[in-house]
Amino acid sequence: APEVVVCGRSNVGKSSLINKLLGRKALAKVSQKPGKTATINFYDVDGVYLVDLPGYGFAKVGQAERKRWADLIAGYFDQDRSFNLVVCLVDIRHEPQKLDREMVAFLKERELPFVIALTKADKISAQKARNTKLRVAEDLGVDTDDIYVTSSAKGTGIRELQARISEDTLEE
Ligand code: GDP
């Protein structure tokens, strides 16, 4: 089955976005205590596997737990699977952080197809969001067509991201 992977730092708004993408089809847990889950959740969305990777980099967990997450995520990508798309979430209010950069570098190195979804766009003005998109594109070396400005709270950019996912999962 086509596979779409969603990843991002913990608290980036991953559960909320997944719920939006899934609509009423299934529910991902929102705002569980950060750092409490280091499991991979799978959702079957009309024959497309949506893979919810654990949020990385929760500040308050120890080195050992962080390593366990990193291993879990790397281990997932190391399996012999074909990914249609990886959706990498970055909080629109913050410059991409070290872990965001590492994730993007990892995806580029593996030549995996990915897009960036900037989350929580409702927290800044539309003008600022457009500027941030351009800056992040330059900063991370990602095409602006592969960056989506989203807000789970307002529903911004959800249809566009869904359309991209459909497009990239069509041919299989
Ligand atoms: P996760 O840890 O990445 O799964 O993030 P959650 O989806 O649980 O969201 C973390 C926090 O950010 C919660 O308090 C959410 O209510 C909030 N949040 C998530 N998405 C949005 C959004 O689009 N806009 C706003 N304003 N808050 C959001």
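## Ground rules

A salt bridge here is a side-chain nitrogen of Lys or Arg within 4 Å of a carboxyl oxygen of Asp or Glu. In general, side chains of opposite charge can pair when their charged atoms come close.

This is a predicted model, in which local features need pLDDT of at least 70 and side-chain atom pairs count only at pLDDT 80 or more, while totals for chains, interfaces and linings use all residues. Residues are numbered from 1 along each chain as its sequence is written, and side-chain values use heavy atoms, with hydrogens and water left out.

The structure holds 9 salt bridges. One of them links the side chains of Lys14 and Asp52, at 2.4 Å from N to O. Lys14 belongs to helix 1 (residues 14-22) and Asp52 to strand 3 (residues 48-52), so this pair ties together parts that are 38 residues apart in sequence. Helices (H or I, at least four residues) and strands (E, at least two) are DSSP runs, numbered from the N terminus.

How accessible are the two partners? Lys14 counts as buried at 10% relative accessibility, and Asp52 is buried too, with a relative accessible area of 5%. Buried means under 20% relative accessible area, exposed means over 50%, and partly exposed is in between (1.4 Å probe, protein chains only).

## A pair within one helix

Lys98 and Glu102 also meet through their side chains in a salt bridge, at 2.9 Å from N to O. Both sit in helix 3 (residues 98-109), where being 4 residues apart separates them by about one helical turn. Lys98 is exposed, with a relative accessible area of 61%, and Glu102 counts as partly exposed at 39%. Elsewhere, salt bridges that share partners join Asp146, Arg164 and Asp168 into one network.

## Asp91 and its surroundings

Asp91 forms a salt bridge with Arg93, their closest N and O atoms being 2.9 Å apart. Asp91 counts as buried at 10% relative accessibility, whereas Arg93 is partly exposed at 37%.

Lys120 lies in the loop between strand 5 (114-119) and helix 4 (126-140). Leaving aside neighbours within four places in sequence, Lys120 has contacts (heavy atoms within 4.5 Å) that include Asn11, Asp91, Arg93 and Thr150.
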